[in-house]
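Take a look at the fold below.

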Amino acid sequence: MTRRRPRILADENIPGLGALAEVAEVRRIPGRAIDAASLADAEALLVRSVTRVDAALVEGSQLRFVGSATIGIDHVDRAALEASGIAFAHAPGSSARAVAEYVVSALLALAHHCPGARPGGRVGVVGVGHVGRRLTQTLQALGYRCVAIDPFVADPPAPARTLDAVLGELDVLTLHVPLVGDGPHPTHHLLDAARLAQLDSGAVLINTSRGAVVCNHALRSRLEAGPSLTAVLDVFECEPGIDRRLARLCALATPHIAGYSLDAKLRGSARVQAALRRHFGLPGNAVRLPVGAPPAVPRFALEASAEPWRGWARATAIACPLAADHMALLHALGGDDPAGGFDRLRRDYPVRREFPAHQVELTGGSNPTLAAGLRALGFALG
């Protein structure tokens with residue numbers, strides 16, 4: 001007896017669906033185009049963070065399963081899924097390394113003109129879940145002094161403090177929290193005008209969590225008042241129609257791609273596909289690399305005589321080229337369709353491999369501190 005192939009609608013930005021298409025009917029469209037009409041006869045839906053999955057989307061549908069190939073799930077109304085009897089799965093931790101690498105790369109890119117971004121700087125990590133914990137451990141290995149800000153974590157990887165107690169003492173504040181609108185610890189506009197004003201002159205603010213964790217209007221006002229704060233934003237309020245003036249005021253602004261390494265995308269895709277296969281009783285579990293993916297170990301060389309942090313900055317800039325991402329976003333925002341340009345950058349994002357997929361050769365001698373930091377970052381040495 002031939003097994004019936006379930007009908008699946010998927011965000012076109014989810015990679016590695018080739019093997020799934022052998023046992024199911026898979027249709028792929030842009031994530032922002034997914035609506036109730038597009039679901040048609042779909043029995044399963046695979047999304048990323050740009051698709052709002054709520055009652056309006058799923059009620060009356062034939063959906064039996066929803067999977068989000070993401071860490072965060074604030075775009076999914078779990079209660080609406082439960083009310084409709086729809087199973088749900090996501091991919092916690094899948095992009096943690098990619099996001100942590102983005103933050104470290106941003107800090108080292110800024111270190112040339114922001115002394116507080118160099119090793120030894122005091123970093124406040126807000127939210128020490130999958131991303132924040134990995135980031136804290138990596139930064140500490142490089143010599144940063146970290147404090148953990150998370151009321152829900154009993155065993156933080158760094159000394160625990162409250163946000164308001166340390167705002168004025170930090171060189172760097174980096175945000176890794178879900179978007180929560182109410183309850184005892186809401187994160188919507190966690191960084192409002194009052195808290196932004198408390199950040200020390202010369203501090204660096206990094207947001208790779210959700211755009212509305214920072215009040216974008218208040219941040220723009222702070223940045224317009226003078227160059228006393230350095231901002232790195234990968235997420236914005238009202239994506240894709242973001243505040244173009246704010247983006248241009250940032251030292252680095254990127255189109256929500258911190259977690260967009262190929263490795264992270266494939267991990268997230270594999271997690272939700274495995275759950276989908278279990279739900280429908282489908283055979284197999286393979287997730288294939290896209291055609292044309294780069295080799296597993298891109299190689300490059302560094303001079304061993306480099307000052308350690310400068311060598312780390314060079315290595316991370318090669319593996320995670322944020323300056324190019326920044327320029328691409330500013331170019332897109334200057335066009336006739338800035339919102340469309342934002343989404344096209346995400347759809348067509350160049351393949352980025354995580355640090356362990358790169359091999360670094362130190363030339364011209366030895367440098368134990370440089371080598372130790374490269375290993376802490378995850379690079380292979382050879």
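## A helix across the sheet

Helix α4 covers residues 96–110. This helix lies across strands β8, β9, β10 (229–233) and β11. Its direction makes an angle of about 145° with β10. Axes are lines fitted to C-alpha atoms, for helices over the stretch in contact, and angles run from 0 to 180 degrees between N-to-C directions. Helices (H or I, at least four residues) and strands (E, at least two) are DSSP runs, numbered from the N terminus.

The model is predicted: local features need pLDDT of at least 70, side-chain atom pairs count only at pLDDT 80 or more, and totals for chains, interfaces and linings use all residues. Residues are numbered from 1 along each chain as its sequence is written, and side-chain values use heavy atoms, with hydrogens and water left out.

## The sheet

The sheet is open and has six strands, in the order β7-β6-β8-β9-β10-β11. Their pairing is parallel. Two strands pair if DSSP finds at least two bridges between them. At the edges sit β7 (145–149) and β11 (252–253), and each pairs on one side only.

Look at β8 (residues 172–175) and β9 (residues 203–207): they run parallel and are joined by four bridges. Here T174 stands opposite I206 of β9.

## Two packed helices

Helix α4 also packs against helix α5 (residues 130–142). The angle is about 40°, and the axes are 8 Å apart. The two helices are therefore oblique to each other (under 35 degrees is roughly parallel, over 145 roughly antiparallel, 65 to 115 roughly perpendicular, and the rest oblique).

Contact means heavy atoms within 4.5 Å. On the α4 side, the contact residues are A96, R97, V99, A100, V103, V104 and L107. They meet H130, V131, R134, L135, T138, L139 and L142 in α5.

## A buried valine

V47 belongs to strand β3 (residues 44–47). Is V47 buried or exposed? V47 counts as buried because its relative accessibility is 0%. Buried means under 20% relative accessible area, exposed over 50%, and partly exposed in between (1.4 Å probe, protein chains only).

What touches V47? Leaving aside neighbours within four places in sequence, V47 is in contact with D11, I14, I34, V53, G67, S68, A69 and H75.

Helix α13 spans residues 338–347. In α13, P338, G340, G341, F342 and R346 are buried. Their cover includes α9 (244–249) and α12 (322–333).
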